[in-house]
Amino acid sequence: MRGASIYHFARGLAARDLFTTRDLLRFAWGQLLFRVSGTEQPQQINAARDAALAFVAGHGVDDLVDLCEQIYDDTMSDRIWEGARQLVERHLMAGERVWLVTATPVELADIIKRRLGLDGALGTVAESVDGVYTGRLVGDLLHGPAKAAAIEALARREGVDLAHCTAYSDSSNDLPLLHAVGRPNAVNPDDALRDHALAHGWPLHEFRTHRTALRVGVPAAVAGALAG
């Protein structure tokens, strides 16, 4: 997806006046850093998590699912890379099971799974009691090493040998996940992941055509805007 899904989720909440202007500006800055550098910043991910948890506390699970459907249609569906869709289709046509593993709330992950025809999805789980969110997580944010632990648990449940599995990521934060499988791939990688993939002979998939322009043009535009 162009940009981090958790930022698009925050953007969708802000568009519905569920976040403050200050929250929206903070997420916009995090998204800009992601687009320019290709690197997720842990503090930005944590800020998105904390704000989202604060929002959902006291709300019904069914209400959030409905909201996630709207957010996917409005801000996410047209941001999925066509090359990524083709990779998914290639595995599905080969009769292989495909799972989405993301820091995004599991409710949104399930929607993406259904829309793309995947077999399953793992995402961050917010605690709920009697169908109402408490504002706490069940376990950790599904990010970094937590993703590797999640797929290892999934493989045990499904009777799958990870040595025969393929994984794709765009972030060096996912190196634990990539090293857990036999066929790691880098997709639109950040600089650290690109260097690591090249050093280890991993396949590289590049769907971007504008990254160089972004690196040069966007910082200049931001400097101009700040000066203005």
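Predicted model: local features only at pLDDT ≥ 70, side-chain atom pairs only at ≥ 80, totals over all residues.
How many nonpolar, polar and charged residues are in the lining of the second largest pocket? By class, that lining has eight nonpolar, two polar and one charged residues.

The volume of the second largest pocket is about 160 Å³. Its lining residues are Val106, Ala121, Leu122, Gly123, Thr124, Val125, Val138, Asp140, Leu142, Ala146 and Ala150. Two elements, β2 (120-124) and α7, each supply at least two residues of this lining. The largest share, four residues, comes from β2.

**The largest pocket**

The largest pocket has a volume of about 1500 Å³. It is lined by 49 residues, and those closest to its centre are Val98, Trp99, Leu100, Val101 and Tyr168. Elements giving two or more residues to the lining of the largest pocket are α1 (5-15), α5 (82-93), β1 (99-105), α6, α7 (145-158), β5 (166-169) and β6 (183-187). Strand β1 contributes the largest share, six residues. Sorted by class, the lining of the largest pocket has 29 nonpolar, ten polar and ten charged residues.

Now to the helices. Two packed helices are described by the angle between their axes and the distance between the axes. Here are these values for two pairs in the model.

| Helix pair | Axis distance | Angle |
|---|---|---|
| α4 (residues 61-76) and α6 (residues 106-116) | within 9 Å | roughly 55° |
| α1 and α4 | 9 Å | about 105° |

With axes crossing at roughly 55°, α4 and α6 are therefore oblique to each other. The crossing in which α4 passes α6 is right-handed. On the α4 side, the contact is made by Leu64, Val65, Cys68, Glu69, Tyr72, Asp73 and Met76, and on the α6 side by Glu107, Leu108, Ile111, Ile112, Arg114, Arg115 and Leu116. By class, this contact of α4 with α6 has nine nonpolar, no polar and five charged residues.

The other pair has α1 and α4 packing at an angle of about 105°, which makes α1 roughly perpendicular to α4. Ser5, His8, Phe9, Arg11, Gly12 and Leu13 of α1 make this contact with Leu64, Leu67, Cys68, Ile71, Thr75 and Met76 of α4. By class, the contact of α1 with α4 has seven nonpolar, four polar and one charged residues.

Methods
Residues numbered from 1 in each chain as written. Heavy atoms only, no water. Axes fitted to C-alpha atoms, helices over the stretch in contact; angles between N-to-C directions. Parallel < 35°, antiparallel > 145°, perpendicular 65-115°, else oblique. Left-handed = near helix turned anticlockwise from the far one by under 90°. Contact = heavy atoms within 4.5 Å. Nonpolar A, V, L, I, M, F, W, Y, C, P; charged D, E, K, R; others polar. 1 Å grid on protein atoms, 1.4 Å probe; cavity = no way out; pocket = protein on both sides within 12 Å on 5 of 7 lines; lining within 4 Å. Points joined across faces, edges and corners; volume = space filled by probe spheres on them.
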